[in-house]
Amino acid sequence: MTLAQQMTQEGTGQQRRLVLASASPRRSQLLREAGYEFAVFPANIDEDSHLNLMPIELARHLSFEKAKAVAARFPHDVVLAADTVVAFGDRPLGKPEDAEDAKKMLTLLSGTTHSVITGVTVVCRRSRFERRVRVTSGVQMRSLSPAEIEAYVASGQWEGKAGGYGIQDQDPFVIKMSGSHTNIVGLPMELVAKMLAEMNIVPARG
């Protein structure tokens, strides 16, 4: 089956597919490592129009909007969507717009303790199934010098990552964390597995 066929062919009855409504390679990797089989169909929504929301509500709302958009395309399938927001107090930090924005975020977070919030939504329109949750983890970042920030941004590792960094990076600057590690990566797998199991979506292998 070609990638195009995999992305557009719906599941039916007991053959429901899992559809990941995200282009994030990190979320795909977490699902694959857990043994899930799935198709990828990113949701194209305007994330910037909701930045007036508090971080927790923003993460939950964006994950729901992503799931809703993709579920409209694939009503027979189980759609999984997520959105991760780094919260500096009440200020949400999404993905940097460019290198300068990444520098500002890393400068802000340097030497602080902040929260990483992931909103997760699982939807199957045909079955009228909908679950929405959010998971919060704490992250303490060591102080970064301007040179370190410059070098990291120049490496391009900040691209597509909430807060401008990734816990899985070669040097993530993180000295302490609490809560789910996979949540900080972008998908709290412990909870996701329980949500998917409610729709009989289980790993194809252990």
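A residue is called buried here when its relative accessible area is under 20%, exposed when it is over 50%, and partly exposed in between, with a 1.4 Å probe and protein chains only. Helices (H or I, at least four residues) and strands (E, at least two) are DSSP runs numbered from the N terminus. The model is predicted: local features need pLDDT of at least 70 and side-chain atom pairs count only at pLDDT 80 or more, while totals for chains, interfaces and linings use all residues. Residues are numbered from 1 along each chain as its sequence is written, and side-chain values use heavy atoms, with hydrogens and water left out.

**Overall layout**

The chain contains seven helices and seven strands, in the order α-β-α-β-α-β-β-α-β-β-α-β-α-α from the N terminus. It has 206 residues, of which 48% are buried. A contact means heavy atoms within 4.5 Å. Of the contacts between residues at least 6 apart in sequence, 68% join residues at least 24 apart.

**Strand 3 and its partners**

Strands are taken as paired if DSSP finds at least two bridges between them. Strand 1 (residues 18–20) runs parallel to strand 3, joined by three bridges, and V19 is opposite V79. With strand 5 the pairing is antiparallel and extends over nine bridges; here D83 has G119 as its bridge partner. Strand 4 (residues 91–93) is also joined to strand 3, by three bridges in the antiparallel sense, with A87 opposite P92. Two residues lie between the strands in the hairpin of strand 3 and strand 4, where G89 has a positive phi near 65 degrees.

**Salt bridges**

A salt bridge is a side-chain nitrogen of Lys or Arg within 4 Å of a carboxyl oxygen of Asp or Glu. The model has eight salt bridges by this rule.

| Pair | N to O distance |
|---|---|
| D83 and K66 | 2.9 Å |
| E130 and R132 | 3.3 Å |
| R142 and E148 | 3.0 Å |

In the D83 and K66 salt bridge, D83 belongs to strand 3 and K66 to helix 3 (residues 55–73), so the pair ties together parts 17 residues apart in sequence. D83 and K66 are both buried. E130 is partly exposed, because its relative accessibility is 38%, and R132 is partly exposed at 40%. R142 is likewise partly exposed, with a relative accessible area of 24%, as is E148 at 29%. Salt bridges also link E100, K103 and E150 in a network.

**The loop at S110**

S110 lies in the loop between helix 4 (99–109) and strand 5 (113–124). S110 is buried because its relative accessibility is 18%. Leaving aside residues up to four places away in sequence, S110 touches M141, R142, S143 and L144. A polar atom of the S110 side chain is 2.7 Å from the backbone nitrogen of L144. R142, one of the residues touched by S110, is the residue that forms the salt bridge with E148.

Key
A polar contact is a pair of N or O atoms within 3.5 Å; within protein, one must be able to donate a hydrogen and the other to accept it, and residues adjacent in sequence count only if both atoms are side-chain atoms.
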